[in-house]
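Thanks for coming, everyone. Please look at the sequence and the model on the screen while I talk.

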Amino acid sequence: MSNTPLVIAIDGPAASGKGTLARRLADYYHLAHLDTGLTYRAVAHLLLARGWPLDDTAHAVEAARLVDLGNLDRSTLAAHAVGEAASKVAVIPEVRRILVEKQRAFANTPGGAVLDGRDIGTVVCPNADVKLYVTASAEVRAKRRHDEIEANGGQADLGEILADIRRRDERDTGRADSPLKPAVDAHLLDTSEMDIEAAFLAARTIVDDVMATRGKI
Ligand SMILES: Nc1ncnc2c1ncn2[C@@H]1O[C@H](COP(=O)(O)OP(=O)(O)OP(=O)(O)O)[C@@H](O)[C@H]1O
Ligand SMILES: Nc1ccn([C@@H]2O[C@H](COP(=O)(O)O)[C@@H](O)[C@H]2O)c(=O)n1
């Protein structure tokens, strides 16, 4: 087995299950994990908290510089409205440049890392050892997000969530800078008909196969 640190890049649309897979894979292969969506959420959260417009580049840049990867509070940033706002600040190239620099530094964690987001395989870690593009139909993703909100004691309307997911997909795939798309060398994983365990097993099989081919395991 080689000592080269393993870097796994996971991309995909909202609620596709990439975060769940990233956490499971990081745990299994003993790698550090970064949910890069939280970095865009942190910028949006700061703008919202200070009452600054989401398209105000100067303030968004200031907020991006303040993002501390060691201090991303998932519970504060998880709110649906913050996710929506994040996809608006994510279109600002200057914000992306600052956050991508921080994400790349994380990817260089000595023991290896898993990063999940929208542009990890294409922009942040183009040389990642393994790239996964995790997807599922918009209907399946909306149902998963709906069930997640209800399981956490919230109330959710499936139709509204589906509309939000479609809007977010459009914004993420349609922006000029670093749009969401599979890297040419990404392995596609459609989890529409897989539960979490099946998706994890499929992802592990891909990682193990790639690493075996490259002589790293
Ligand atoms: N294969 C699966 N089958 C059923 N439920 C799943 C599956 N994968 C993930 N989930 C559930 O779907 C919800 C969304 O998953 P997750 O948060 O991992 O998605 P995500 O792609 O990281 O979303 P976002 O980009 O919005 O953060 C969670 O409640 C998770 O438990
Ligand atoms: N690498 C990334 C990660 C996220 N974004 C944007 O942030 C929004 C929120 O992300 P979540 O994964 O937490 O839902 C997302 O809709 C993207 O617009 C990004 O651009 N690049």
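First, a term. Helices (H or I, at least four residues) and strands (E, at least two) are DSSP runs, numbered from the N terminus.

Now the ground rules. This is a predicted model, where local features need pLDDT of at least 70, side-chain atom pairs count only at pLDDT 80 or more, and totals for chains, interfaces and linings use all residues. Residues are numbered from 1 along each chain as its sequence is written, and chains are lettered from A and ligands numbered from 1 in the order in which they are written.

Next, the whole protein. It has ten helices and five strands. Its radius of gyration, taken over C-alpha atoms, is 17 Å. The globule rule (2.2 Å times the number of residues to the power 0.38) also gives 17 Å for 217 residues, so the protein is as compact as a globular protein of that length. The C-alpha trace spans about 50 × 35 × 30 Å along its principal axes.

Last, residues 8-197. Their end C-alpha atoms lie 19 Å apart.
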